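I keep these entries as a record of what I looked up, in the order in which I looked it up.

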Amino acid sequence: MGQKEAMLYEGSYKAREMQDAGIKFPVGTFNFPKLTKKESPYATGANTANAYAGTGGFQYAMSTPQSNKSLREKGKQQAVLDWMRYFGTPKNLQRLTAEQGTYVPTWPGTSAKLGGLGNFDSGALAAQVKLPERSIGVQTATANLGWVDMQRIFGLYLSGNITLDQAKKQVQTTLDRAAADFARKNNVDLSKYK
């Protein structure tokens with residue numbers, strides 16, 4: 001909002017948030033680059049730009065009779081569960097997601113330009129949604145990997161508290177620890193990827 005950030009590491013849902021906030025300045029995107037062996041010994045060079053995590057723009061949960069007195073009413077818990085099963089079917093969930101308009105390509109006002117923001121260059125995102133998905137959910141392979149460790153390192157670098165070389169070393173240490181934790185927990189031999 002204050003136009004003080006030059007770059008933001010985010011997901012496609014950020015476009016809707018910017019639209020809702022009334023952003024007027026031009027915004028563009030670029031995909032996560034292909035990683036090579038130079039960046040990580042585990043890299044394969046695969047394009048993982050369209051990998052995504054398992055979260056959604058909205059989540060629903062059902063409280064328990066212990067936490068919500070209204071669910072103690074006979075038949076209500078089953079009715080709530082039936083409703084969730086109904087809107088959770090692929091046909092209905094797809095419609096709900098499209099109506100919510102958070103993710104590409106469901107932004108409000110979607111056109112050939114694939115963007116609800118008139119000042120949003122979504123070319124990189126438009127190209128990536130046509131690619132096959134390449135992801136594996138290892139963000140929880142080690143405690144605090146994504147939203148704690150990586151965000152802390154990026155924050156320290158962006159604020160000038162550590163150098164780029166220090167940040168790269170800390171990121172590599174964090175990724176190595178995550179890979180080792182994932183391999184240990186899932187009995188995976190990573191040596192064949194080196």
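Is asparagine 187 buried or exposed? I find asparagine 187 exposed, at 73% relative accessibility, where buried means under 20% relative accessible area, exposed over 50% and partly exposed in between, with a 1.4 Å probe and protein chains only.

Entry on conventions. I am reading a predicted model, in which local features need pLDDT of at least 70 and side-chain atom pairs count only at pLDDT 80 or more, while totals for chains, interfaces and linings use all residues. Residues are numbered from 1 along each chain as its sequence is written, and side-chain values use heavy atoms, with hydrogens and water left out.

Entry on the overall layout. I noted six helices and two strands in the protein, these being DSSP runs numbered from the N terminus (helices H or I of at least four residues, strands E of at least two). Along the sequence the order is α-β-α-α-β-α-α-α. Of the 194 residues, 21% count as buried. Among contacts (heavy atoms within 4.5 Å) with a separation of 6 or more, 55% are between residues 24 or more positions apart.

Entry on the segment after α6. I went back to asparagine 187, which lies in the segment after α6 and has a positive phi of about 55° although it is not a glycine. Most residues other than glycine have a negative phi. Leucine 190 also belongs to the segment after α6. I listed what leucine 190 touches, leaving aside residues up to four places away in sequence, and found Tyr42, Ala179 and Ala183. Leucine 190 and alanine 179 are 11 residues apart in sequence, with their C-alpha atoms 8.2 Å apart.

Entry on the core. Which residues make up the largest nonpolar core? I recorded five: Met150, Ile153, Ile162, Ala167 and Val171. The term stands for a set of buried Ala, Val, Leu, Ile, Met, Phe, Trp, Tyr and Cys residues joined through side-chain atoms within 4.5 Å. Helices α5 (145–158) and α6 (164–186) are the elements that give two or more residues to this core.

Entry on charged pairs. Side chains of opposite charge can pair when their charged atoms come close. I counted three salt bridges, each requiring a side-chain nitrogen of Lys or Arg within 4 Å of a carboxyl oxygen of Asp or Glu. Arginine 177 and aspartate 149 meet at 2.5 Å, N to O. Arginine 177 lies in helix α6 and aspartate 149 in helix α5, so this pair ties together parts that are 28 residues apart in sequence. Aspartate 149 is buried, with a relative accessible area of 11%, whereas arginine 177 is partly exposed at 34%.

Aspartate 181 and arginine 184 form a salt bridge with the closest N and O atoms 3.6 Å apart, and both residues lie in helix α6, three residues apart, about one turn of the helix. Here aspartate 181 is buried at 16% relative accessibility, while arginine 184 is exposed at 58%. The salt bridge of arginine 85 with aspartate 82 is at 3.8 Å, N to O, within helix α2 (residues 76–87), where the two are three residues apart. Arginine 85 is exposed at 51%, and aspartate 82 is partly exposed at 38%.

Entry on aromatic rings. I found two aromatic pairs in a search of the whole structure, where rings of Phe, Tyr and Trp (its six-membered ring) pair if their centres lie within 6.5 Å, with planes under 30 degrees apart counted as stacked, over 60 as edge-to-face and the rest as tilted. One of them joins tryptophan 83 and phenylalanine 87 edge-to-face, at 5.8 Å centre to centre with 65° between the planes. The two are four residues apart in helix α2, and therefore separated by about one helical turn. Phenylalanine 87 is buried at 11% relative accessibility. Trp83, Tyr86 and Phe87 form one aromatic cluster.
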